[in-house]
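Open the structure in your viewer and keep the selection tool at hand.

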Amino acid sequence: MLLVLTTMVVTVHVVNASLVYVGGGKETWRPNVNFSEWSARQNIYVGDWLYFGFDKKLYNVLEVNKTGYEGCNDMGFIKNITKGGRDVFQVIEAKKYYFINGGGYCLGGMKVAINVENLQPSPSPSLLTGVKQNKNGSPSKFDGHVVTVMVVLTGVLLAWAIL
């Protein structure tokens, strides 16, 4: 029972996070996207997830420091978040995050600086119904229905395993 309650608490925490499509779409980590303009219009909060969609044969996503961002230098990057071309990165503290694409694409504009804030806005009616909207206005992968199913299934599996 303690495990079920713990799972529910952790799951409720996930509901408060948003999935943010970097660049505004599912396949927008690519050249010819104005990431600076996109980033300036965003409100991203601690706990949110950044989604990078791209062709992994051509592009990558590297977290870098401000100097690496400004000079498009991929040497000494902080973290390579490239896994499969549909990659997510959770922002865990309020600060400015810097991401670039290595291999020269950064010089063509494939870089983004994302300011992450601490304060959450007041709950909207969609939050009260359990459905979280992502930053693009469509339901997030972490919406309340998926979370509810996850909690119920976890509870059933744990009860079955204990008995």
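The model is predicted: local features need pLDDT of at least 70, side-chain atom pairs count only at pLDDT 80 or more, and totals for chains, interfaces and linings use all residues. Residues are numbered from 1 along each chain as its sequence is written, and side-chain values use heavy atoms, with hydrogens and water left out.

A pair of aromatic rings is described by the distance of the centres and the angle of the planes. Rings of Phe, Tyr and Trp (its six-membered ring) pair if their centres lie within 6.5 Å; planes under 30 degrees apart count as stacked, over 60 as edge-to-face and the rest as tilted. Searching the whole structure gives 9 aromatic pairs.

Select Tyr21 and Tyr51. Their ring centres are 5.0 Å apart and their planes stand at 65°, so this pair is edge-to-face. Tyr21 is in strand β1 (residues 19–21) and Tyr51 in strand β3 (residues 49–53), 30 residues apart, so the pair links distant parts of the chain. Strands are DSSP runs (E, at least two residues), numbered from the N terminus.

Are these two buried or exposed? Tyr21, at 7% relative accessibility, counts as buried, and so does Tyr51 at 4%. Buried means under 20% relative accessible area, exposed over 50%, partly exposed in between (1.4 Å probe, protein chains only).

Next, select Phe89 and Tyr97. With centres 5.8 Å apart and planes at 75°, the pair is edge-to-face, and both residues are buried.

Now select Lys95, whose charged end sits over the ring of Tyr97, 4.7 Å from the centre. A charge sits over a ring if NZ of Lys or CZ of Arg is within 6 Å of the ring centre and within 35 degrees of the ring normal. Finally, select Lys111, which lies over the face of Tyr69 at 4.6 Å from the ring centre.

Conventions:
Helices (H or I, at least four residues) and strands (E, at least two) are DSSP runs, numbered from the N terminus.
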